Amino acid sequence: MNDVNLSTTIDQLARLWYSSYLRAALIAYLVGQLIKIILLYRRNPHLTFRDFFTSGNMPSTHTASTCAVTTVIGLSVGFDSAIFAVAMMLTLIVGYDAAHVRRAVGEHGLVLRELIDRDSQQEKLLATLSKELEERGDRKFRRSGKKLAKPYFSRGHLPKEVMAGAILGVAVGIIVWLI
């Protein structure tokens, strides 16, 4: 009985590719990341593996993915459907978050890093926070045994980067729906 359930589960997972909704999201994400890498490479030909997974920059791949799904939903089931309304709201939230919330957090991270670089006393604060996190059982510190480093910095997106992601997503959604 378990073999049948496993086989059915594997078949269902394999059929995910046939979902135009998921295919549109994946294609929009991959095309967006490819464009982002090409643009980054033009500025700095010495890319690292981490650069392939960077957030921020042009275009917003999260926005592209959600716009692609939303476009396919609208074209498939109608722009007046409940599921399109839900998808559209999710897309608007993702775009707003990328351009406003994540950008503000990134700017705060940049300022915090600069303050740490300027003041050697901040290094002591980081050491104290590392010890506190380790004592509280934070898995990251238990596994690595490392001290807390400067905060991670990700700048979020400019509004034009979110708009470029939206345009890419709509275009990919239309193409996937037509095919």
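**Core and helix packing**

Tutor: The largest nonpolar core has 8 residues: Ala24, Ala28, Ala64, Ala68, Val72, Leu168, Val172 and Val176. A nonpolar core is a set of buried Ala, Val, Leu, Ile, Met, Phe, Trp, Tyr and Cys residues joined through side-chain atoms within 4.5 Å. Buried means under 20% relative accessible area, with a 1.4 Å probe and protein chains only. This is a predicted model: local features need pLDDT of at least 70, side-chain atom pairs count only at pLDDT 80 or more, and totals for chains, interfaces and linings use all residues. Numbering starts from 1 along each chain as its sequence is written, and side-chain values use heavy atoms, without hydrogens and water.

Student: Which helices supply at least two residues of this core?

Tutor: H2 (20-43), H3 and H7 each do. Helices are DSSP runs (H or I, at least four residues), numbered from the N terminus.

Student: What is alanine 24 in contact with, beyond its neighbours within four places in sequence?

Tutor: Ala68, Val72, Val172, Gly173 and Val176. Contact means heavy atoms within 4.5 Å.

Student: How do the axes of H3 and H7 cross?

Tutor: The axes of H3 (residues 61-77) and H7 (residues 159-178) come within 7 Å and cross at roughly 40°. Axes are lines fitted to C-alpha atoms over the stretch in contact, and angles run from 0 to 180 degrees between N-to-C directions.

Student: New topic. Serine 65: buried or exposed?

Tutor: Serine 65 counts as buried, because its relative accessibility is 13%. Serine 65 lies in helix H3. Leaving aside neighbours within four places in sequence, serine 65 is in contact with Ala25, Ala28 and Tyr29.

Notes:
Buried < 20%, exposed > 50% of the residue type's maximum accessible area, 1.4 Å probe, protein only.
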